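This report goes through a few local features of one protein chain. The sequence and model are shown first.

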Amino acid sequence: MNTLKHHKPFILLTLLCTSIVAYSQEHNPFDDNNPFTKLLKIYKENQPLVLDESIAYTSAGSPQNFNPTKLHSIADLKRPLGNGDYSVNVVFYCTQWCLHAPGKGVPYKLGRATGKMSKPISALLYEGTLKKINRKQLNSTAWKIQARIKFENMNQADHQLIDELIPQYKDQLKENEWDKILNDFQKIPLKTVLFNEAIKHQPPKIQKLGQVCFSLIAAQEYLNKKNLSPDQLSDKLFEHTSSIMKENEGLDDTTSRWIAVNKNIIARFIVDSGNLKDNLLEFRILNDAKDKPNITLNDIMEGSGDDEGESLMGYPIGQGAQIPIIEPDVDTTNVELIYATTTDAKSVSVDYMVSDSNAQQIQFDIFRSDESRLTNNSIKIGTATITDQEDISIGEHDNVMLISNIPLLPDTRMPFIIVVSNCKGETDTTHFQKWLLGAVAHGFDRYAMEGGWVWSTLFQSYELPPWEINMVRNLKQVDMYNEVIQFDWMSDCGIDKPGFPELEGRKLKNQIINWIISYTNHPGDVVDLHLIGHSRGTVVITQAINNLLNDPVGNGIKGSYIELTLLDPHPANNDLQKIWGNWGTPGTIHSCGFQGALEINIAKNMTTDFQKTVHDPYLLIPPGINSVDVWWQATDADKLCSQPDQEYIQNLWGMIQGSSIRNNSGLPIDFLSHAFTDKNILGIGYIGHNQVPLVYEKQAVESGTLNRSKQF
């Protein structure tokens, strides 16, 4: 497919920003050994845009009784137009970096768009304007193409535009003949002599080339800076035009000249708003029935050249540079964004107000960003075009779905979701933030059994397991969670009475709600949750999430991405696991002591009696959970020697797949069923029930692989 056929409805209108003459049409009489002359030859063959008024069309007489009909829709670009007068809105883009807000009130005449980069620049601006992409961003990318910045040296926003709008020119943008021009130019021995002194005795053409090179070197210094926004580029590169506009006083600055596009069409531009604003194309069609009875707006913009796809290009009668792109005003509307959010962690909806419009559609772009505004690091994750007449009518529109089935995974490096509407080139934005809250809960501790204060006094203090403290710290420092709750239920985890995991689950739910209320004041914000529990602590976190989802206050997590990590889960309930423990072999001598049948039976009886008494509930995975992963071990107790926890006597299998989990989430559970029999794994030794949190800490948390825009 010849892509230029689809980019004809534009006119490339440029002023002589750098006063470059048509080198390619003149004979070069200068010494070939002159270094400037050598550069001139290369430049003639590689001009990105030829800014030469001499190739403009001839003027036409002003039409009598001009009374235009305004064209309003995209369909008007292709439908046949009869004899008559017409007008259509056009957006003006500056072609180069040397003027600030040029063109307002300056008269123009039309010619042909030529130059090595004229087609990709024109296609970029045309496609981007129709898609309502931010005009400053489009102009910035067009400058970089014209300045011959290589594709790989552009920033992410430029890459996204090129990939979306002009992928057919991507390879061409990777070539750069200007490197040789600038490199050779910088090798010319100017010594201590100022540049102007070095070239002032050269012929005028050589002087102009030197000015172009110096201008381009200065511009590339900024255009190559990937951290500069389009707004900042404008401030750095533009020169103000007050003196230039003053020079144009006395010229025909109220209207542009009428020109003859061909024998059937005369046209002109009315530039009354200037750069990046809405201006006007006016034209008259005089159809010749024998020649071409039906002319479309595309025909007018195409020009009459033999090179298919050549576009009209405008040249100034004064100074300045602009590229007008047609934008039918029916495709624009006045939209004020009010609110955006997600209700299911995989879609974005928005509230907005339409105050005046006869639009056929409204377009929104959705980004992830590192700030609450668009930056060079922002990544587009979707585009929505709203065509339903109810949703584009005047009035307030609530909860309009823009994108769906795009997992909005946790990522505190890119926590903001930004919605952008483009209205006549003016953008309006709204955003919401995705916070990330973690919680870690330990399991049973035999020193915390009822009467545990005695054990605590004699053997150890009531302290949280070191792994829990380390994991909380690393989740915040390494994986950049906004906050992690270090849940402490040591005083209750060993009491031999039922109901304590359920009670502690309600306590954890309340801590989560309190954090949400304290930290999410911006409308639409959501809090992603990652709850991690070990052993009996898995009962606590599953109880907490069930309570949270069923609590009206828990609506604060509507739209949250919720991840549960179960580390060797072990509800204390004899009925829930048919094979719930791996006991040591009687009579085996370990480095940590002798393991006999009596010792094993005592441990067995204590465990079964405790589990019969407390009778913990199933692990219930409710609807609304986005991901569940289970880490479990199956190491023989004989291989373990970890006094005082006595895992060499019993090593509880926290998970026999599916035996104690009721999964109502509708999603598969990711079982990481490792036996962990290698005693050298991760430098921990054999992995038993109490070592699973250490494995998770090493393999997931400390590696920094969590919270990276993917499932945990």
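## A buried glutamine

In this predicted model, Gln691 counts as buried because its relative accessibility is 13%, below the cut-off of 20%. Gln691 sits in the loop that runs between strand S27 (670-673) and helix H18 (692-701).

The side chain of Gln691 reaches the backbone nitrogen of Gly688 at 2.8 Å. When neighbours within four places in sequence are left aside, the residues in contact with Gln691 are Leu640, Glu647, Ile684 and Tyr686.

## The chain overall

The protein contains 18 helices and 27 strands. It has 712 residues, of which 55% count as buried. Of the contacts between residues at least 6 apart in sequence, 78% join residues at least 24 apart.

## Helix H4

Helix H4 covers residues 156-165, and its buried residues are Ala157, Asp158, Leu161, Ile162 and Leu165. Seen down the axis of H4, these residues fall within an arc of 130 degrees, so they line one face of the helix. They pack against three helices: H2 (118-130), H3 (135-146) and H5 (170-174).

The N-terminal end of H4 is capped by Asn155. A side-chain oxygen of Asn155 lies 3.0 Å from the backbone nitrogen of Ala157, which is also one of the buried residues of H4.

## Packing of H15 and H16

Helix H15 (residues 500-519) packs with helix H16 (residues 537-550) at an angle of about 55 degrees, and their axes are 7 Å apart. H15 is therefore oblique to H16. Their crossing is right-handed.

On the H15 side, the contact is made by Pro501, Glu502, Glu504, Gly505, Arg506, Leu508, Lys509, Ile512 and Ile513. On the H16 side, Val539, Val540, Ile541, Gln543, Ala544, Asn547 and Leu548 take part.

## Two loop residues with positive phi

Ser535 is found in the loop between strand S18 (526-534) and H16. Its phi is near 55 degrees, a positive value in a residue other than glycine. Ser535 counts as buried because its relative accessibility is 6%.

His615 is in the loop between helix H17 (597-614) and strand S23 (619-621). Phi of His615 is near 50 degrees, again a positive value in a residue other than glycine. Is His615 buried or partly exposed? With a relative accessible area of 43%, His615 is partly exposed.

Definitions and conventions: Residues are numbered from 1 along each chain as its sequence is written. This is a predicted model: local features need pLDDT of at least 70, side-chain atom pairs count only at pLDDT 80 or more; totals for chains, interfaces and linings use all residues. Side-chain values use heavy atoms; hydrogens and water are left out. Buried means under 20% relative accessible area, exposed over 50%, partly exposed in between (1.4 Å probe, protein chains only). Helices (H or I, at least four residues) and strands (E, at least two) are DSSP runs, numbered from the N terminus. The arc is that of the directions from the helix axis to the C-beta atoms. Contact means heavy atoms within 4.5 Å. A polar contact is a pair of N or O atoms within 3.5 Å; within protein, one must be able to donate a hydrogen and the other to accept it, and residues adjacent in sequence count only if both atoms are side-chain atoms. Axes are lines fitted to C-alpha atoms, for helices over the stretch in contact, and angles run from 0 to 180 degrees between N-to-C directions. Angles under 35 degrees count as roughly parallel, over 145 as roughly antiparallel, 65 to 115 as roughly perpendicular and the rest as oblique. A crossing is left-handed if the near helix is turned anticlockwise from the far one by less than a right angle, and right-handed if clockwise.
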